[in-house]
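Here is a friendly walk through one protein model and some of its residues. Please keep the structure open beside the text as you read.

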Amino acid sequence: PEGLHALMMSAGKEYFGTATETDNFGDESYQAILAYQGEFGMITPENSQKWEVTEPRRNHFVYTNADAVSEKAQDNGHLLRCHTLTWHSQLPSFVSSGSWNTTTLTSVLTTHITNVMTHFKGQCYAWDVVNEALNEDGSYRESVFYEVLGDEYIPLSFKTAAEADPDAKLYYNDFNLETSSKKADGAERIVKLVQESGARIDGVGFQAHLIVGQTPSRQTLAALLSRFARLGVEVAWTELDIAHDFSSSSSNGSSTANATQLEQQAQDYVSVVGACLDEPKCVGVTVWQFTDKYSWVPSTFPGRGEPCLWTADYKKKPAYDAVSRLL
Ligand code: XIL
């Protein structure tokens, strides 16, 4: 087989996917790769299903862009990973700065989840139900949800989600679980909290926004995945990108990767994808955009860049070739 998804399937996994967004749909070179048979089997909307887009004002729901991404998935024969419902970020101000009590915020939260999931019912392979509920030390993040509802907002979100779309897999999703053992402890606590409440949780998504040369080994990453698999959930890499840190001394002021850095990036991608191969309950890998042209990294983390498998002018990087050979 040719293409990352086709190779991933032949390795016994469900998909190799990518984040994408409607802004990218007018770019023909981009579209050619996205639609190329076998390259991807899954797409995730990078922004258009987030709360600030889908419900910018209370009870006013907007699905234009998210529908366009879902149609793109259907046109290309791709699955859709839906992202995300309960999250402190990209949250409209009516939620984040409202004055809520338990009853009113419960109503706002369950109305949002039910409306969005009902709209996309039958289209989502999985939903990231709760995103980034943890601080780096494993404690709960001080979001409006936590302040008003306590940790109860997490099982509440999963319970509401399970009722709205019984066929979508329900995930907890977070970053730095790969690099902070305390945060991984917190994620384990969340899985158990939801399970003990009697609500359904099917998976844990590991975002894996990583740095070249600071990516844990394949063995360490596989051990992390299997720790969660033992809790009775599936696991996936959901937002993989591995950025060069151009502010480090080895970069000598350059903001383009040299051959050594590209080789290290390839090894790091192999560690991450390889860990998924090592864990039977790891279902797939999603990269957070496939070309450096559209990566969120440089504008969000000044000094970091070029984290993707394709260059900004659509050439496959050593990391692409290394992942292909691995699969
Ligand atoms: C990012 C998008 O890539 C950006 O375009 C946007 O400006 C901010 O959000 N964790 C997540 C993703 O769960 O939704 C984030 O996506 C990256 C970090």
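## Val191 and its contacts

Leaving out residues up to four places away in sequence, Val191 touches Tyr172, Ile201, Val204, Phe228, Leu231 and Val233; two residues are in contact if their C-beta atoms, placed from the backbone, lie within 7 Å. Val191 sits in helix H9. Helices (H or I, at least four residues) and strands (E, at least two) are DSSP runs, numbered from the N terminus.

Is Val191 buried or exposed, or does it fall in between? Val191 counts as partly exposed because it has 18 C-beta neighbours inside 10 Å. A residue is buried if 20 or more other C-beta atoms lie within 10 Å of its own, exposed if 12 or fewer, and partly exposed in between, with C-beta atoms placed from the backbone.

## About the model

This is a predicted model, in which local features need pLDDT of at least 70, side-chain atom pairs count only at pLDDT 80 or more, and totals for chains, interfaces and linings use all residues. Residues are numbered from 1 along each chain as its sequence is written.

## Helix H10

H10 runs over residues 218-229, and its 12 residues reach 16 Å from first C-alpha to last, close to the 16 Å expected at 1.5 Å a residue. The expected span is 1.5 Å times one less than the number of residues.

## Helix H6

The 18 residues of H6 should span 26 Å at 1.5 Å a residue, and the end C-alpha atoms of H6 agree, being 26 Å apart. Its buried residues are Leu105, Val108, Leu109, His112, Ile113, Val116 and Met117. Seen down the axis of H6, they fall within an arc of 135 degrees, so they line one face of the helix. An α-helix has 3.6 residues a turn, so residues three or four places apart point the same way.

On the other side of H6, you will find Thr103, Thr104, Ser107 and Thr118 exposed. The buried residues of H6 pack against helix H3 (51-54), S3, H5, S4, H7 and H8.

Helix H8 spans residues 153-164. Its buried residues are Tyr153, Ile154, Leu156, Ser157, Phe158, Thr160, Ala161 and Ala164. Covering them are, among others, strand S3 (79-86), helix H6 (102-119), strand S4 (126-131), helix H7 (144-149), strand S5 (169-174) and H9.

Which members of the largest nonpolar core touch the most other members? They are Trp127, Val129 and Ala161, in a core of 89 residues. A nonpolar core is a set of buried Ala, Val, Leu, Ile, Met, Phe, Trp, Tyr and Cys residues joined through C-beta atoms within 7 Å. Beyond four places in sequence, Ala161 touches Leu85, Ile113, Met117, Trp127, Val129 and Leu170.

## Backbone features worth a look

A cis peptide bond joins His83 and Thr84, with omega about 0 degrees; Thr84 belongs to strand S3. Although not a glycine, Gln90 has a positive phi of about 50 degrees. Gln90 is in the loop between S3 and helix H5 (93-96), and it is exposed, with 12 other C-beta atoms within 10 Å.

Glu306 is not a glycine either, and has a positive phi of about 50 degrees. It lies in the loop between S10 and H13, but Glu306 counts as buried, with 23 C-beta neighbours inside 10 Å.

## Trp310

Trp310 is placed in the loop between strand S10 (304-305) and helix H13 (318-326). It is buried, with 21 other C-beta atoms within 10 Å. Not counting residues up to four places away in sequence, Trp310 touches Ile33, Phe290, Thr291, Lys315, Lys316, Lys317 and Tyr320.

Technical notes
The arc is that of the directions from the helix axis to the C-beta atoms.
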